[in-house]
Amino acid sequence: MKPLLKSAAMLIASSFIGLSQAFAAPPEEPRVIDFKALEKSIGKKGGSIDILMGKWKDIRQMTIYSNARLVSYDQTFSLSPDILKSVDNDGQKSFTLHLRKGHKWSDGTPFTTEDFRYWWENVANNEELEPAGPPAAMLVNGKGPTVDIIDSHTIRYTWDNVNPLFLPALAGARPQYIYMPAHYMKQFHAKFADAGKIAELITSEKVQNWTSLHKRFGRQYRPENPDLPTLQSWMNTTKLPSERIVFKANPHFHRVDSEGTQLPYIDQVVMNVVSSEIIAAKTGTGESALQGRYLRFDNFAFLKKGAEEGNYKVVLWPSGKGSEMTLLPNLNVKDEAFRKAFQDVRVRRALSMAVNRSEINETIFFGLAREASNSVLPSSPLYSDEDAQAWSSLDIEKANALLDEAGYDKKDSSGTRLLPDGRPFEIIVETAGESSQETDILQLITDHWKSIGVKLFVKPSQRDILRKRVSSGEAMMSTWEGLNRGLATPEMNPEELAPVSSVQAQWPVWGLNYESNGKSGEAATLPEVAKLSGLYKEWRAASTRDAQEKIWKEMLSIFTDQVYTIGVVSGGLQPIVVSNKLQNVPEEGIWSFEPTLYFGHYLPDTFWLDE
Amino acid sequence: MSEKPTSALPKEDTKELHHFVSDAPFDLRSVQTLTPEQEKIYFASQLTLMWWKFKKHRVAVWSGVFLLVIYASVLFSEFLSPWNYQTKHTKYIYVPPQGIHLFHDGKFEGPFVYELKRKLNLETMTREYTQDKKKIVKLSFFCSGDNYHWMGLISGDNHLVCAPIGKPFFLLGTDRLGRDMLSRIIQGARISLTIGLIGIAVSFFLGIVIGGAAGYYGGWVDMVVQRIIEVLQSIPTIPLWLSLSAIMPASWSPILIYFGITIILGLLDWTGLARAVRSKLLSLREEDYVLAARLIGAGPSRIIGRHLVPGFMSHLIASATITIPTMILGETALSFLGLGLREPITSWGVLLNEAQNINVVAIFPWLMIPVVPVILVIIAFNFLGDGLRDAADPYK
């Protein structure tokens with residue numbers, strides 16, 4: 001009788017908890033979205049929408065779309081508090097963060113400075129969890145901040161020197177998390193949890209040690225753990241792997257509309273994982289209420305055709321990338337002759353000038369893109385015509401002259417230039433093999449380069465293999481998108497212009513050198529690249545917007561003048577499919593990872609269903 | 001009553017029984033004498049018999065003629081195509097197939113097409129082409145047009161039919177880079193059709209040698225070969241092709257890759273043939289004439305090559321005709337999956353690979369036309385093989 005009573009009591013208790021969640025509320029000090037200023041209509045709560053994704057890892061798109069960040073970019077792309085109530089920024093050196101009163105995690109536990117302390121003391125500074133130490137955004141000259149916890153809702157980070165990276169990192173599409181749900185994560189932390197319980201979990205989860213356990217259950221950016229409390233607008237409720245991932249509205253989300261109704265309006269978002277090739281086809285039959293990812297410009301006509309029957313509309317958003325496609329000559333390629341060639345700026349300039357951008361624009365982009373190098377877009381305050389036009393106009397004669405001058409003046413019988421060691425100048429361009437658009441552009445470039453005696457071969461492979469081959473120096477040249485921050489403002493991190501990461505396909509070895517603090521890789525040998533590294537360090541020490549702007553512009557001008565990446569065209573158009581039932585999705589927007597977080601900038605929590 | 005004894009025998013006939021003796025000279029084989037028609041059949045060679053039998057299979061004959069014509073066209077692909085298949089007409093992207101007209105304004109003008117007016121529809125982001133009924137583009141025959149390198153060797157510009165350079169003339173439309181589909185299909189035939197022949201040569205050689213050895217020697221040789229064949233046949237083909245074609249380095253020229261793929265296809269395809277050869281040999285080697293040959297002192301290779309193989313050559317030819325389509329389909333399948341031939345080589349598989357998306361199905365259906373020659377050739381080969389197999393056994 002006793003166990004029965006107990007379970008009955010538990011049932012009542014659990015339903016009570018469920019009830020309390022149903023009556024859950026936003027924080028006492030919510031973020032009120034100004035619907036009038038955003039020209040949005042007040043909606044009604046409820047409903048469920050379907051979206052399509054190509055692989056389960058795309059679950060992180062929901063974190064990007066949700067766009068709940070400590071601080072986020074507002075309509076003018078300057079930083080303003082979002083999860084935070086306010087930030088006191090004292091000369092970029094000291095930041096006092098104020099949390100909202102009554103803000104709770106999605107499971108109902110209060111969100112306090114304790115969660116910040118847990119991350120800073122027990123995660124970032126735990127040698128087992130983070131052997132490399134705290135992340136780059138938290139370090140200035142290798143030194144971390146002093147963290148003062150003033151009360152349960154106020155925390156201050158102070159550095160000896162300026163840290164302009166801090167706030168933009170918090171607002172990133174892939175943000176720097178400086179907090180973690182301490183109450184939940186402690187059960188996986190060796191310091192807090194019972195050793196026996198951890199050992200049990202390690203066996204049942206089949207992991208190596210407690211650190212992998214902690215990492216596996218604590219991924220906030222990729223919300224694959226349905227039990228992990230979140231602050232985003234929708235929370236994952238499905239255990240992976242699954243083809244149908246259901247997100248439910250976060251009952252404690254911190255935003256409300258102008259009338260005080262808690263957001264998000266939409267109760268449930270169902271993410272259906274299907275093969276990426278058929279996403280356009282499925283979207284065309286109305287199977288997705290909101291789709292941009294995996295749709296390409298050449299799908300537009302097809303999508304438009306099905307709009308009436310599928311009950312949706314298609315709009316075109318300009319892309320925010322610096323270039324739709326870039327060719328990245330690997331300056332660290334193993335092959336000595338090609339390394340020497342690619343490190344010669346004359347070769348890079350010649351290759352760029354031989355590309356007939358207007359033909360590519362006409363053929364692939366319907367003549368709607370801009371023929372320009374890989375730089376920022378005209379709507380960015382850092383834009384200059386000079387950078388955008390640098391070495392990007394077609395001039396075969398000059399390109400040939402540059403190559404002759406660089407010492408590649410011998411040719412074989414078919415007119416292909418020869419390297420000093422007698423091999424033909426044949427460049428193998430490796431692609432991730434993800435879009436046929438890439439291959440089409442490369443085909444056109446193959447013809448263009450023939451006229452300067454350079455042969456091009458395309459080798460499609462696979463994203464991870466490509467990355468490996470690039471960083472090991474096996475791949476000569478690869479293709480990728482242009483600058484992610486095509487809409488850069490001076491506050492944004494100019495890291496894409498300097499060697500800072502081994503993922504950068506034009507200088508992986510130099511990037512690795514920075515990433516590993518000089519432990520592996522090599523320091524840049526080209527003076528201009530070293531200059532970029534130096535400027536990047538200067539930017540990180542700049543305390544004013546003007547200083548940052550000056551550095552950004554100088555970096556852009558070196559980057560484009562030296563043609564480290566060969567941009568093709570910029571300002572391509574991204575088809576966006578929106579169900580006719582879905583309200584508040586703007587007709588005009590910019591499709592970019594950063595700073596618009598794809599849909600995130602347009603606040604999907606304010607979208608509602610008119611049924 | 002006087003009783004007359006009556007004889008049980010009838011009365012002897014007085015007439016002499018007619019007795020016949022042929023005057024003709026005695027001929028032992030007179031019963032078997034053949035009429036001239038019969039003679040023609042009975043003394044005809046094996047080949048002639050097969051031909052007679054084959055002729056009766058009308059569909060097979062027409063399939064054979066069709067294939068001969070198509071294979072002959074492979075030699076003159078460049079001449080037959082109206083454009084160089086690689087020329088990108090960037091002003092004419094996604095042009096739908098055009099019709100040929102003869103009469104303009106009620107006047108006979110000879111074959112011509114109308115010029116096209118292009119309009120960019122910014123509403124649907126499509127290029128819309130309308131016929132400009134005022135301007136005609138006259139077609140000329142045996143004319144000079146787009147430049148090409150015949151088989152990559154001799155440059156020329158003669159075409160069977162062409163329009164002036166820069167004018168639209170796309171009977172089967174153009175693709176996303178403005179390349180003429182008809183020219184690409186004609187050019188694609190060269191690769192798609194010959195890949196089968198080279199592959200079949202490789203598989204024939206391996207099949208006869210390995211199967212022949214197994215069948216003639218028997219014993220452990222047979223045992224080993226049989227097991228190898230079983231292992232090879234149990235490997236699923238597509239993944240095997242995929243891994244083998246992935247080995248080929250990217251820096252190889254497309255033509256080398258093309259040979260690589262043919263050889264891969266051949267190397268995997270000999271097993272069925274080897275089995276057939278083996279079983280035929282197993283039964284034939286017990287025949288008396290083999291024993292006779294051996295007694296005279298012929299060696300194994302002479303016995304196999306001179307006495308045994310001709311005995312079932314017809315069967316081999318028939319089975320080869322049935323195998324060629326599998327080779328063609330193999331190339332098409334590999335290229336369709338993006339792992340076989342690559343641009344700028346053009347084969348039917350490559351063309352179909354490009355047609356593999358929703359836009360094509362919905363908006364540019366003419367890009368799927370390469371399916372038609374694939375189907376026709378495969379069907380023709382199957383009918384031909386069917387006819388040959390029937391003919392290979394003419395006494396049935």
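1. Domain bounds in this note come from an automatic or database domain assignment. On that basis chain B is divided into domain 1 (79-174) and domain 2 (183-392), and the centres of these two domains of chain B, taken over C-alpha atoms, are separated by 38 Å.

2. Residues are numbered from 1 along each chain as its sequence is written, and chains are lettered from A and ligands numbered from 1 in the order in which they are written.

3. On confidence, the predictor assigns the complex an ipTM of 0.74 and a pTM of 0.78. For chain B the mean pLDDT (the predictor's confidence in each residue, from 0 to 100) is 83, and 91% of the residues of chain B reach 70 or more. Among the elements of chain B, the highest mean pLDDT, 93, belongs to helix H3 (residues 58-75) of chain B, and the lowest, 74, to helix H7 (residues 237-247) of chain B. Where pLDDT is low, the predicted coordinates should not be read in detail.

4. Turning to overall form, chain A contains 20 helices and 22 strands, where helices (H or I, at least four residues) and strands (E, at least two) are DSSP runs, numbered from the N terminus. The radius of gyration of chain A (taken over C-alpha atoms) is 26 Å, close to the 25 Å given for 611 residues by the globule rule (2.2 Å times the number of residues to the power 0.38), so chain A is as compact as a globular protein of that length. The C-alpha trace of chain A spans about 95 × 60 × 50 Å along its principal axes.

5. Chain B has 13 helices and five strands. Its radius of gyration is 33 Å, well over the 21 Å that the globule rule gives for 396 residues, so chain B is more spread out than a compact globule. Along the principal axes, the C-alpha atoms of chain B fill a box of roughly 135 × 65 × 50 Å.

6. Burial is counted from C-beta atoms placed from the backbone: a residue is buried if 20 or more other C-beta atoms lie within 10 Å of its own, exposed if 12 or fewer, and partly exposed in between. Buried residues account for 49% of the 611 residues in chain A and for 32% of the 396 residues in chain B. Two residues are in contact if their C-beta atoms, placed from the backbone, lie within 7 Å. Among contacts between residues at least 6 apart in sequence, those joining residues at least 24 apart make up 71% in chain A and 70% in chain B.

7. The contact between the chains deserves a separate point. It takes 20 residues from chain A and 15 residues from chain B. Elements that each supply at least two residues of the side of chain A that touches chain B include helix H8 (279-283), helix H13 (357-364) and helix H16 (436-450) of chain A, while the largest share, five residues, comes from H9(A). By class, this side of chain A has eight nonpolar, four polar and eight charged residues, with Ala, Val, Leu, Ile, Met, Phe, Trp, Tyr, Cys and Pro counted as nonpolar, Asp, Glu, Lys and Arg as charged, and the others, Gly among them, as polar.

8. Within chain B, twelve residues of domain 1 are in contact with ten residues of domain 2. The side of domain 1 of chain B that touches domain 2 of chain B has eight nonpolar, four polar and no charged residues.

9. The assignment for chain A gives domain 1 (69-222), domain 2 (236-318 + 575-609) and domain 3 (326-567). The C-alpha centres of domain 2 of chain A and domain 3 of chain A lie 33 Å apart, and their contact takes seven residues from domain 2 of chain A and eight residues from domain 3 of chain A.

10. Two strand arrangements complete the note; two strands pair if DSSP finds at least two bridges between them. In chain A, three strands form an open antiparallel sheet in the order E13-E20-E14, with strand E13 (290-291) and strand E14 (312-318) of chain A as the edge strands. Leu290(A) stands opposite Val578(A) in E20(A). In chain B, strand E1 (residues 101-104) and strand E2 (residues 107-121) run antiparallel and are joined by three bridges, and Phe103(B) has Phe108(B) in E2(B) as its bridge partner. The hairpin of E1(B) and E2(B) has two residues between the strands, and Asp105(B) takes a positive phi near 55 degrees there.

Key:
This is a predicted model: local features need pLDDT of at least 70, side-chain atom pairs count only at pLDDT 80 or more; totals for chains, interfaces and linings use all residues.
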